Amino acid sequence: MSMGLQSIGCLSHRPAWARARQIDMRPDILNPLFAEISLFKGVGPALARPLERLGLARAVDVAFHLPVSWVDRHLTDRLDLADAGRVIGIMLTPVDYRAGGSARAPFRVLAADAHGNGVALVYFGRNSGWPRKLLPLNEAKFISGKLEAYGDNLQIVHPDHVLPPEEAGTVPARESVYGLSEGLTNNRMRDLAAQALARAPDLPEWIEPSLLARKQWPAWRDALARAHADPGDAQARERLAYDEIFAGQLALMLVRQSSRRRRGVSIQGDGRLRAMLKLPFAPTDAQRRAIGEIEGDMAQATPMLRLLQGDVGSGKTLVALMALLNAVEAGMQGAMLAPTEILARQHHETLRKMASGLPVEIAILTGREKGKVREATLMGLADGSIDILVGTHAIFQEAVRYKALGLAVIDEQHRFGVAQRMMLASKAERSPHLLVMTATPIPRTLTLTYYGEMDVSRLDEMPPGRQPIQTLVMAASRLDEVVDALARHVDGGGQAYWVCPLVEESETSDQAAAEARAESLKMRFGERVGLVHGRMKGPEKDAAMEAFAANRTRILVATTVIEVGVDVPNSSLIIIEGADRFGLAQLHQLRGRVGRGDKPSTCLLLRGNALGETSRARLALMRETNDGFRIAEEDLKLRGAGEVLGTRQSGEAQMKLATPEHMAALVDSARDDAHLLIERDGGLDSPRGQAARTCLYLFEKDAAVGLLRGG
């Protein structure tokens, strides 16, 4: 069974016994790096909160929280208007205090340099006693901060360093700037980084020697120290990025190696069920090609590991059904996993319709199925009377037993953790074949980085009859016009989605936005407005979706819970509010909810009134193209891998050190290096292999090591 994706080794996805086992196996040399941050000097409950918001719970998290930029400090002994806008370091002597006329007014400390030139040191929101204590009159201090022109005068607002003259040499000319959270200062972050670096050991070298020499990279610990000291050190950053990519590639190769060693079952259906399908149109060449590749894989005794990529509406479900029927024809069972209950129920209904008239029993199992219905499904799986099971994570549960599971299809692979996929593998005496599908077009570098252990099939054609989608962008200030246009659309018999903005990475805030929008639209459209969001209970969601699918409601207000898979052919308009807050890949997924029927469709992107350059470019590209693979490539450049794949929202681990540019430049070298280690250099048991094992634990890909131990 595949354990692909960046979630390999993510301890949070494992049961307690597995976590304890992996911690025990970690090389002792790494233990100081995996200490909790609460052990750091000066970290108490107040500081723990902003650190938690940044995901910094252990020393290794801080070590890998690299600076995002730097400050070049101009060291001088003379104040000069020409230096306005620069960060300076200078010796100053306070000469007077100037308190404001109100509690909100700033407190100023007037100071002079060695040549008598004056500057105001400005403090906002502080009790005046604090700057008086920090800067006593007539006592020289080394001051650092951004020099600004304020009218004809110079000022420094909230200096970043105020030190005795003898400590001036401790302030570097170039100083790192970190990503912060409210309650955490840059100086505090630098101190924590120094504590983390003190825990970082010298590690054995895992990079192939000729590659290391050619790149002239520093050793791992040196690279980490250099990256923190000088964010502009491209060589150090590249070395660290390479290590992270290498760990991922090696883990994927070990997963593939382990999977290939496992016994599967050869599945070769006779075609009788597939011949009975009554399809409304012939499969595309891309679908035929993918079906042929899957059938060829399933005919082998080695378990299939295949990724099926397809843009929105490219016909992945038909390919999956053909694979499932191939298994049923050979006397085996199939299981299809979906990430959400809405999508599971839709897949169940779609498969039943497509297989209508076939002697095939298709059942569903989610957390909602209780009592006798659940018992009957479990019995049907165990005795083989159920041929295909569709469901959510409920089909992983201990009580679920299959008579002969031959194929597992996982939809939206990145939303499932390793532990869940391992549990599915345990459901069969022999490892089932695995087909994973994603409607998120994935750039080549990410395919190699996250799915490198899999063979890939790509659906790059659209089935006949798919209508083009016109994409328009409007300012949110024209909301009244949009609602009037929506009324004309609905009065003409159409249906529409209204997607509410991603207020922040919180389901609660998205829910609030959706509920407020639904209420405002109900004032105009009454009961023709439905609502669905992620915090609704299953039956409520199903009822809302069913009412919309049956055309009893004409407008469905929703959060991004409808992003994947929801299929209502009569809906030919989607309005996405706050479109500038979404990434390209997510906008493209949402746009794919329309254009599924025989009517021309429209996607209306409502943007904020003040757009940044990136947001403007993103929305322009959405207008320009419907090509999901091109959109994904651009989204990778603009946002990063975690958001393109959806992993940032789903909780999967993501790259911490490697940028998209690093991945594009280094993934091929990392794959070659991992291949050399396994094929030429003796694998993980060789001296370099032992070092590489440490690298896997360092980047928490240690589940791949467990595979070699039979774990």
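Predicted model: local features only at pLDDT ≥ 70, side-chain atom pairs only at ≥ 80, totals over all residues.
View 1. Residues are numbered from 1 along each chain as its sequence is written, and side-chain values use heavy atoms, with hydrogens and water left out. Strand β1 and strand β2 (residues 87-98) run parallel and are joined by 3 bridges; strands are DSSP runs of E with at least two residues, helices are runs of H or I with at least four, and both are numbered from the N terminus. Strand β1 (residues 69-75) is also joined by 4 bridges to strand β8 (residues 174-177), and these two run antiparallel, with serine 69 standing opposite valine 177 of β8. Two strands count as paired if DSSP finds at least two bridges between them.

**View 2. The largest nonpolar core, with 63 residues**. A nonpolar core is a set of buried Ala, Val, Leu, Ile, Met, Phe, Trp, Tyr and Cys residues joined through side-chain atoms within 4.5 Å, where buried means under 20% relative accessible area, exposed over 50% and partly exposed in between (1.4 Å probe, protein chains only). The residues with the most contacts inside this core are Trp206, Trp220, Phe246, Leu250 and Leu698. Helices that each supply at least two of its residues include α2 (45-53), α5 (186-199), α24 (660-679) and α25 (687-698), and α8 gives the most, with 11 residues. Apart from this core lies another of 34 residues, among them Met304, Val319, Ile388 and Leu435.

**View 3. Leucine 698 and its contacts**. Leaving aside neighbours within four places in sequence, leucine 698 is in contact (heavy atoms within 4.5 Å) with Leu30, Leu33, Phe34, Val60, Phe64, Leu203, Trp206 and Trp220.

**View 4. Threonine 471 in strand β16 (residues 469-475)**. Threonine 471 counts as buried because its relative accessibility is 8%. Its side chain makes a polar contact with the side chain of arginine 591 at 2.8 Å; such a contact is a pair of N or O atoms within 3.5 Å, of which, within protein, one must be able to donate a hydrogen and the other to accept it, and residues adjacent in sequence count only if both atoms are side-chain atoms. When residues up to four places away in sequence are not counted, threonine 471 touches Arg591, Cys603, Leu605, Met622 and Arg623.

**View 5. Loop residues histidine 158** **and glutamate 700**. Histidine 158, in the loop between β6 (153-157) and β7 (161-163), has a positive phi of about 45° although it is not a glycine, and at 32% relative accessibility it counts as partly exposed. Glutamate 700, in the loop between α25 and α26 (703-708), has a positive phi of about 55°, again without being a glycine, and it counts as buried at 15% relative accessibility.

**View 6. Methionine 276 in the loop between α9 (272-275) and α10 (285-298)**. Methionine 276 is partly exposed, with a relative accessible area of 35%, and it touches Gly357, Leu358 and Pro359, not counting residues up to four places away in sequence. The C-alpha atoms of methionine 276 and serine 356 are separated by 9.4 Å, although these residues are 80 apart along the chain.
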